[in-house]
Amino acid sequence: MGNSGSDNEVDGAEPELTRLEPATTAVVRGVVPLADLRNFFDTSFGALGRTIGAQGITPLSPAFGLYRGSPGDALDLEVGFVTDREVRPEAGVVAGTLPGGRVARVTHHGSFDGLGASWERLHAWMRAQGLPTGDARWETYVTQPTPDMDPGELRTVLNWPVAD
């Protein structure tokens, strides 16, 4: 049957190449030690919700986390949402942009613990296709996690721009 990619496999989905338009975002930026990552996401989404709501801005996407450079002891990232217009800077929330152009993407099925392996698989696929990687990449959290959900139900789309 080959690698058809059922929902029961964490790495079932096949990578693909797509073209995206740049998108306006509302984000919180930071350089965050790995140990503080969960707290940074929680605090940032609280600030984003309050600021976007107060300014009457409409989120046009699920939440995302954009990473720059290579992961080390700390991550250079921004978390936020694609929005219908630019946010006024307030409470640590600033305007940003998701890049446009060619993007390699794959959907990760399962818990966040497996994201590293899915990123490695996407990177290997890009190398095999001869596609140079951009220095920024982002995860779109299609399924909003809840404390009582099965982590196997989580869907995260990994996006890695091609350095054209």
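This briefing covers the sheet, the helices packed on it, and the aromatic and charged contacts of the structure above. The model is predicted: local features need pLDDT of at least 70, side-chain atom pairs count only at pLDDT 80 or more, and totals for chains, interfaces and linings use all residues. Residues are numbered from 1 along each chain as its sequence is written, and side-chain values use heavy atoms, with hydrogens and water left out. Eight strands form an open antiparallel sheet, and a search of the whole structure finds five aromatic pairs.

**Sheet**

- The strand order is β1-β6-β8-β7-β3-β4-β2-β5, with antiparallel pairing. Strands (E, at least two residues) and helices (H or I, at least four) are DSSP runs numbered from the N terminus, and two strands pair if DSSP finds at least two bridges between them.
- β1 (16-20) and β5 (93-98) stand at the edges with a single partner strand each, so one side of each has no neighbour in the sheet.
- From one strand to the next, the twist averages 35°. Axes are lines fitted to C-alpha atoms, for helices over the stretch in contact, and angles run from 0 to 180 degrees between N-to-C directions.
- β6 and β8 (residues 155-161) run antiparallel and are joined by seven bridges. Thr107 stands opposite Val157 in β8, and Ala104 has Trp160 in β8 as its bridge partner.
- Five bridges pair β1 with β6 in the antiparallel sense. The bridge partner of Leu20 in β6 is Gly101.

**Helices on the sheet**

- α1 packs on the sheet and touches β2 (23-33), β3 (64-68), β4 (74-82), β5 and β7. Its direction makes about 30° with that of β4. Contact means heavy atoms within 4.5 Å.
- α2 lies across β1, β6, β7 and β8, and runs at about 35° to β8.
- Glu120 lies in helix α2 and is exposed, with a relative accessible area of 59%. The classes are buried under 20% relative accessible area, exposed over 50% and partly exposed in between (1.4 Å probe, protein chains only).
- Between Glu120 and Arg85 there are 35 residues in sequence and 33 Å in space, C-alpha to C-alpha.

**Aromatic pairs**

- Rings of Phe, Tyr and Trp (its six-membered ring) pair if their centres lie within 6.5 Å; planes under 30 degrees apart count as stacked, over 60 as edge-to-face and the rest as tilted.
- A search of the whole structure finds five such pairs. In one of them, the ring centres of Phe41 and Tyr141 are 6.0 Å apart and the planes are at 80°, so the pair is edge-to-face.
- Phe41 lies in helix α1 (residues 37-54) and Tyr141 in strand β7 (residues 136-141), so the pair ties together parts that are 100 residues apart in sequence. Both residues are buried.
- Phe112 and Tyr141 have ring centres 5.8 Å apart and planes at 75°, so this pair is also edge-to-face.
- Phe112 lies in the loop between β6 (101-109) and α2 (115-128), and Tyr141 in β7, so the pair ties together parts 29 residues apart in sequence.
- Phe112 is partly exposed, with a relative accessible area of 34%, while the value for buried Tyr141 is 11%.
- One aromatic cluster is formed by Phe41, Phe45, Phe81, Phe112 and Tyr141.

**Charge over rings**

- A charge sits over a ring if NZ of Lys or CZ of Arg is within 6 Å of the ring centre and within 35 degrees of the ring normal.
- The charged end of Arg137 sits over the ring of Trp119, 6.0 Å from its centre.
- Arg137 also lies over the face of Trp160, at 5.2 Å from the ring centre.
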